Amino acid sequence: MAHLLASNPNASQKLICSNLEYYGVRSRRGSRTTSACYRVGRKRRCGLVLQCSSTTDQDVSLQIENGSSGKLKQQFEYLVCEYGWKVRRLFENADEIKKASQVQAEAFHVPVSLFNDLFFQFFQAEVLSGLLYKLKNSPPNRYACLVAETAIDDPDSAKQLVGVIDVTVLRDQNVLQHLPPEAEEYLYISGIAVSKTFRRRKIATALLKACDMLSILWGFEFLALRAYEEDLGARKLYTNAGYQVVSRDPPWTSNWIGRKCRVLMIKRTSFSK
């Protein structure tokens, strides 16, 4: 890689741009050959512009129209690297897709007294089918499955997926009614799952931070998710991540049909202020 960068000064720029496109950020050719500007998402929300430079450290400047700026010193293969975990987009190969679906299936499967193993296999197949459908039918800047793995950079140690989360661009009116009138869409967070043996180790926190980063890359001010009202642990996790409860399911949609009541929680990204 070092030889490639030395022989081709534009190689690092191309590497950054390919990583941006990997996360669904569309490029916009500039007048100079040494840099390229990016319009994030369909609209230039929040005045956020990502600008590639030809430097070799893969820095990306976050320029806000009001004059403030910051540095995102991170390779775009990973959205977040915190608490000993790295979060990136799912590699769309059969082995990794199967592993991600297994993490989610184990997290959401409700054990039954009889034929539990059989029912789990059916449930896992259903989760796998749903994931494959979303990957196949969703544009790369409308849906992303993010996965967490260990941050240990040991080539001899096998990477293990320890957490999964789904991020989807939606425009549900039940959510939009709690947002400003100019908000047309938002990022909906769902399917957050952590392997049982790795829980309570900040993996879920890292996954939520990766969603924040993706919202910046895609240019969305608001993120939304739902949690069971009685699940105080999950609600505390989301509250600590910046989400606030804005509504709850109507009683007639939960109690009388045996469904648990859910609360809608919304977060506004800090870069949108």
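R200 is exposed, having a relative accessible area of 88%, where exposed denotes over 50% relative accessible area, buried under 20%, and partly exposed the range in between (1.4 Å probe, protein chains only). The structure is a predicted model, in which local features need pLDDT of at least 70 and side-chain atom pairs count only at pLDDT 80 or more, while totals for chains, interfaces and linings use all residues. Residues are numbered from 1 along each chain as its sequence is written, and side-chain values use heavy atoms, with hydrogens and water left out.

R200 lies in the loop between strand 10 and helix 6, and its phi is positive, near 60°, in a residue other than glycine. Helices (H or I, at least four residues) and strands (E, at least two) are taken as DSSP runs, numbered from the N terminus. A second residue with such a backbone angle is F115, which is not a glycine and has a positive phi of about 55°. F115 is found in the loop between helix 3 and helix 4 and, at a relative accessibility of 61%, counts as exposed. Most residues other than glycine have a negative phi.

The loop that holds R200 also contains S195, placed between strand 10 (186-194) and helix 6 (203-218). In contrast to the exposed R200, S195 counts as buried because its relative accessibility is 10%. When residues up to four places away in sequence are not counted, S195 touches V103, L161 and V162, a contact being defined by heavy atoms within 4.5 Å.

In the protein chain as a whole, there are seven helices and 13 strands. Of its 273 residues, 44% are buried. The accessible surface of the chain comes to about 15,400 Å², with 53% of this area belonging to carbon and sulfur atoms; accessible areas come from the Shrake-Rupley method with a 1.4 Å probe, and for residues only the protein chains shown count as cover. Among contacts between residues at least 6 apart in sequence, 59% join residues at least 24 apart.

The packing of helix 3 (residues 94-108) against helix 4 (residues 116-137) has an angle of about 130°, and the two axes are 9 Å apart. Helix 3 is therefore oblique to helix 4; angles under 35 degrees count as roughly parallel, over 145 as roughly antiparallel, 65 to 115 as roughly perpendicular and the rest as oblique. Axes are lines fitted to C-alpha atoms, for helices over the stretch in contact, and angles run from 0 to 180 degrees between N-to-C directions. The crossing of these helices is right-handed, the near helix being turned clockwise from the far one by less than a right angle. Helix 3 contributes I97, K98, A100, S101, Q102, Q104, A105, E106 and F108 to the contact, and helix 4 contributes F120, F123, Q124, V127, L128, L131, L132 and L135. These residues comprise 11 nonpolar, four polar and two charged, with Ala, Val, Leu, Ile, Met, Phe, Trp, Tyr, Cys and Pro counted as nonpolar, Asp, Glu, Lys and Arg as charged, and the others, Gly among them, as polar.

Two further positions belong to helix 4. N116 lies in this helix and is partly exposed, at 24% relative accessibility. Apart from neighbours within four places in sequence, N116 is in contact with H109, V110 and P111. Q121 is also placed in helix 4 and counts as exposed at 52% relative accessibility. Q121 and H109 are 12 residues apart in sequence, and their C-alpha atoms are 9.9 Å apart in space.
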